[in-house]
Each structure stands twice: as C-alpha cells, then as structure tokens.
Amino acid sequence: MRERTFVMVKPDGVAKGLTDEIVARIERAGLKIVSMRRMRLDRGLAEELYSVHRGKDFFERLVEHVLSGEVVVMLVEGERAITQMRELSGATDPTKAAKGTIRSDFGSSITENVIHAADSAESAEREMRIFF
Ligand code: CMP
C-alpha cells in the first residue's frame with residue numbers, strides 16, 4: 001500500500017552531518033522524498049509535534065533537544081512508507097535498535113537518537129499537516 005509519512009532528522013543528526021546519509025538510505029529503500037526542509041523549530045511547533053508525550057517525564061528533555069539546533073523535516077512517500085521508515089530508523093533506544101538501522105549506527109542516547117519517524121497512519125497525517 002502506497003503511503004506518506006513524516007520524518008525528521010533531529011539536531012544531533014544534523015550536527016553530525018548525517019542528513020545526506022539518511023536521505024541515501026531512504027532512497028535506497030525505494031522511498032521517495034516528496035518535500036524536505038531544513039529549519040529551526042520554535043517551542044510551539046516542538047510541543048505540537050510531541051503533544052502525545054506531554055506530561056511524561058522525558059517531555060521537557062525531548063522538546064529542549066529538538067530546539068537545540070536545526071532539524072530537517074521530510075515528507076516521504078512509497079510502499080509501506082510508515083513501516084519502512086520505522087524499520088530503517090530502528091528502536092527508540094539506540095542500544096536496543098537492530099544492527100544496520102539509523103539509530104543503532106548513529107544514535108547516542110534515547111534522546112539523541114538522530115531521527116523521528118511517525119509511528120502510525122494517524123500520527124503521519126497529523127505530523128504532515130503540522131509541517132507541510
Ligand atoms: P521519537 O521517535 O522522536 O518520539 C518520541 C521521542 O521521545 C523518542 O523518539 C525519544 O527520542 C524521546 N524519548 C526520550 N525518553 C524516552 C523514553 N523514556 N521513552 C520513549 N521515548 C523517549
């Protein structure tokens with residue numbers, strides 16, 4: 001099934017110069033980057049993106065991290081794009097992510113885990129609407 005999803009290279013990923021590597025992995029998986037923008041989030045946008053995590057103990061840490069530098073937001077399209085992007089990204093915790101995934105290869109902590117990819121069709125729709 002052809003899907004669209006929302007992906008964001010987080011500030012640690014941008015700072016480490018990983019954007020081109022991540023774009024290459026997405027394209028090699030047969031997915032298409034429909035739109036892409038390098039930008040700085042403001043607090044309102046960061047809190048809206050992560051609104052489902054509001055109230056959790058890591059919420060402030062997460063928001064502070066995504067505000068700490070530039071991010072690259074992407075609209076990605078293709079067969080099973082949502083699942084494929086979750087597979088390419090790997091588990092949230094880089095130490096638990098499968099070998100060869102973006103977070104396993106480049107992540108340094110559960111907060112600095114390089115990439116965000118929408119976790120469901122509903123999240124994808126909501127997140128795409130915020131940024132595109
Ligand atoms: P992301 O895919 O961007 O979605 C929510 C983010 O919260 C997640 O990646 C992590 O970077 C961050 N996070 C920080 N601490 C935790 C935690 N204990 N459990 C889940 N997510 C966490």
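How far does a polar side-chain atom of Tyr50 lie from an oxygen atom of the ligand? The answer is 2.7 Å. Keep in mind that this is a predicted model.

Two further residues come in here. The side chain of Arg103 has an N or O atom 2.9 Å from a ligand oxygen. For Asn113, a polar side-chain atom is 3.3 Å from an oxygen atom of the ligand. On its own, the ligand has 450 Å² of accessible area, and the protein covers 80% of that. The ligand takes up the space of the largest pocket. Residues around the ligand include Lys10, His53, Phe58, Leu62 and Thr92. Ile110, Thr111 and His116 are also among them.

Next, His65. Helix H4, residues 59-66, holds this residue. Is His65 buried or exposed? His65 is buried, because its relative accessible area is 8%, and the cut-off for buried is under 20%. Leaving out residues up to four places away in sequence, His65 touches Lys10, Pro11, Asp12, Thr111 and Glu112. Lys10 and Thr111 also surround the ligand.

Last, backbone angles. Most residues other than glycine have a negative phi. Arg80 is not a glycine, yet has a positive phi of about 45 degrees. Arg80 sits in the loop between strand S3 (71-79) and helix H5 (81-89). Its relative accessible area is 40%, so Arg80 is partly exposed.

Val114 is not a glycine either, and its phi is positive, about 70 degrees. Look for Val114 in the loop between helix H6 (102-106) and strand S4 (115-117). Val114 counts as buried, because its relative accessibility is 0%.

Key. Residues are numbered from 1 along each chain as its sequence is written. Side-chain values use heavy atoms; hydrogens and water are left out. Helices (H or I, at least four residues) and strands (E, at least two) are DSSP runs, numbered from the N terminus. Buried means under 20% relative accessible area, exposed over 50%, partly exposed in between (1.4 Å probe, protein chains only). Contact means heavy atoms within 4.5 Å. A residue is near a molecule or strand if one of its heavy atoms lies within 4 Å of it. A polar contact is a pair of N or O atoms within 3.5 Å; within protein, one must be able to donate a hydrogen and the other to accept it, and residues adjacent in sequence count only if both atoms are side-chain atoms. Accessible areas come from the Shrake-Rupley method with a 1.4 Å probe; for residues, only the protein chains shown count as cover. On a 1 Å grid over the protein atoms alone, a cavity is a set of points where a 1.4 Å probe fits but cannot get out, and a pocket is an open set with protein on both sides within 12 Å along at least five of seven lines; lining residues have an atom within 4 Å of a point. A molecule sits in a cavity or pocket if more than half of its atoms lie within 2 Å of its grid points.
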